[in-house]
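Please read the following report alongside the sequence and the model.

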Amino acid sequence: MPEILTERRGLLGLITLNRPKALNALNADMCRTILDALLEWKDDPNITQVAVMGAGERGLCAGGDIVAIHRDILDRSGASADFWRIEYQLNVMIDEYPKPYIALMDGIVLGGGIGISAHGSHRIVTETSRCGMPEVGIGFFPDVGGTHLLARAPHAAGRLAALTGIKFGAADTISLGLADSYVPRDRLESLLADLETRPVVDVLANYAEIPEPGFLQEEWVQAFEEPSTPAVLLALEQYGTAPARDAQQALKAACPSSVRLVEELMRLAGADLRTDLQREYRAAVNRLDDPDLAEGIRAAVIDKDRNPQWTDAIPSMSHEQRTQRHLAPLPGAELNFALLGKDLEEKSRS
């Protein structure tokens, strides 16, 4: 079966990620197919809005194929750089799409799944939504525009999401600015049917409800206003709630070099998605040379021992130097947006 299904349903162009056994994890071919569909429908007068959803019951998308990244670290085929190049171009296309782009963020939506949903114009969560950017747990960082999105979130909440990688339910995903509307899962099929004949702004008014409260409004979240990781951990000690303890444990388990890199990327991000993605692309490609990424993926999905041995220090390199080398230029290989079509390419140069 094709890994991406595209359908025309009346006014609606529907994209379905179709790798349910892999929780619809993205690869380069899938990103190209989605990008091609969006380019085709962009100027099609018969398609007035686009929606994306995931096949199966588990979720929209669990992210990118990190096993392939681990393989690329070992053989250096360039596959990861090629994947990130097309994926980040897709993120920009979604952000700048001239028609409503409706993301059904049902179930698991992590990493790259955030990239194909949270940049859209209408982002819908359900009671089963579990959304997040868990990359610090594998020695990476929130990419696909994650640093851009979380830098624009309420400060403490954005840092919490970026530095711990924990998952959020519907209300908190909306609070973070990663989603807009809550619709119960059992009404999604009816919503899609209505989108075939009516614009999303009219349809959503009949479906959107108020989700159950999350935890981002609780007092302990303000611990993430502290300026450093040790200070955040110390501030969290005074709270005894389960979410606070979960955040504390997640921050302790996060890759320290990733945390430092995320802090720097978040400091620089938020003004312009294209600029932030170009910075993320440099960081992603350069991160292939850091031992923590291979080790994090090994522990998570290769050996599955869940016990990464992080490299605390690299000889003759300070923590600051280690962080800054991720931002170094990629001569002859910088990210551009040429595949987005002439009009968007010209915008990138203006």
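## A buried phenylalanine

Phe 224 is buried, its relative accessible area being 0%, where buried means under 20% relative accessible area, exposed means over 50%, and partly exposed lies in between (1.4 Å probe, protein chains only). The residue lies in the loop between helix 9 (200-204) and helix 10, helices (H or I, at least four residues) and strands (E, at least two) being DSSP runs numbered from the N terminus. Leaving aside residues up to four places away in sequence, Phe 224 touches His 155, Ala 156, Arg 159, Leu 160, Thr 164, Val 232, Leu 236, Ala 247 and Leu 251, with contact meaning heavy atoms within 4.5 Å.

## Basis of the model

This is a predicted model, in which local features need pLDDT of at least 70 and side-chain atom pairs count only at pLDDT 80 or more, while totals for chains, interfaces and linings use all residues. Residues are numbered from 1 along each chain as its sequence is written, and side-chain values use heavy atoms, with hydrogens and water left out.

## Two helix pairs

The axes of helix 10 (residues 229-236) and helix 11 (residues 242-253) come within 10 Å and cross at roughly 155 degrees, the axes being lines fitted to C-alpha atoms, for helices over the stretch in contact, and the angles running from 0 to 180 degrees between N-to-C directions. Helix 10 is therefore roughly antiparallel to helix 11 (under 35 degrees counts as roughly parallel, over 145 as roughly antiparallel, 65 to 115 as roughly perpendicular and the rest as oblique). The crossing of helix 10 and helix 11 is left-handed, meaning that the near helix is turned anticlockwise from the far one by less than a right angle; clockwise would be right-handed. Thr 229, Val 232, Leu 233 and Leu 236 of helix 10 make the contact with Ala 244, Ala 247, Gln 248, Leu 251 and Lys 252 of helix 11. These residues comprise six nonpolar, two polar and one charged, where Ala, Val, Leu, Ile, Met, Phe, Trp, Tyr, Cys and Pro count as nonpolar, Asp, Glu, Lys and Arg as charged, and the others, Gly among them, as polar.

Helix 1 (residues 28-42) and helix 3 (residues 79-95) pack at an angle of about 30 degrees with their axes 9 Å apart, and are therefore roughly parallel to each other. Their crossing is left-handed. Ala 28, Cys 31, Arg 32, Ile 34, Leu 35, Leu 38 and Leu 39 in helix 1 meet Phe 83, Ile 86, Glu 87, Leu 90, Met 93 and Ile 94 in helix 3, a contact with eleven nonpolar, no polar and two charged residues.

## Cysteines

The count of disulfides comes to zero, a disulfide being a pair of cysteine sulfur atoms within 2.5 Å. Cys 61 is in no disulfide, the nearest cysteine sulfur, that of Cys 31, being 8.3 Å away, and Cys 61 is buried at a relative accessible area of 0%. Cys 131 is likewise in no disulfide, with the nearest cysteine sulfur, that of Cys 61, 11 Å away, and counts as buried at 1% relative accessibility.

## Positive phi angles

Most residues other than glycine have a negative phi. Asn 24, in the loop between strand 2 (12-17) and helix 1, has a positive phi near 60 degrees and is buried, with a relative accessible area of 0%. Arg 76, in the loop between helix 2 and helix 3, has a positive phi of about 50 degrees, and at 43% relative accessibility Arg 76 counts as partly exposed.
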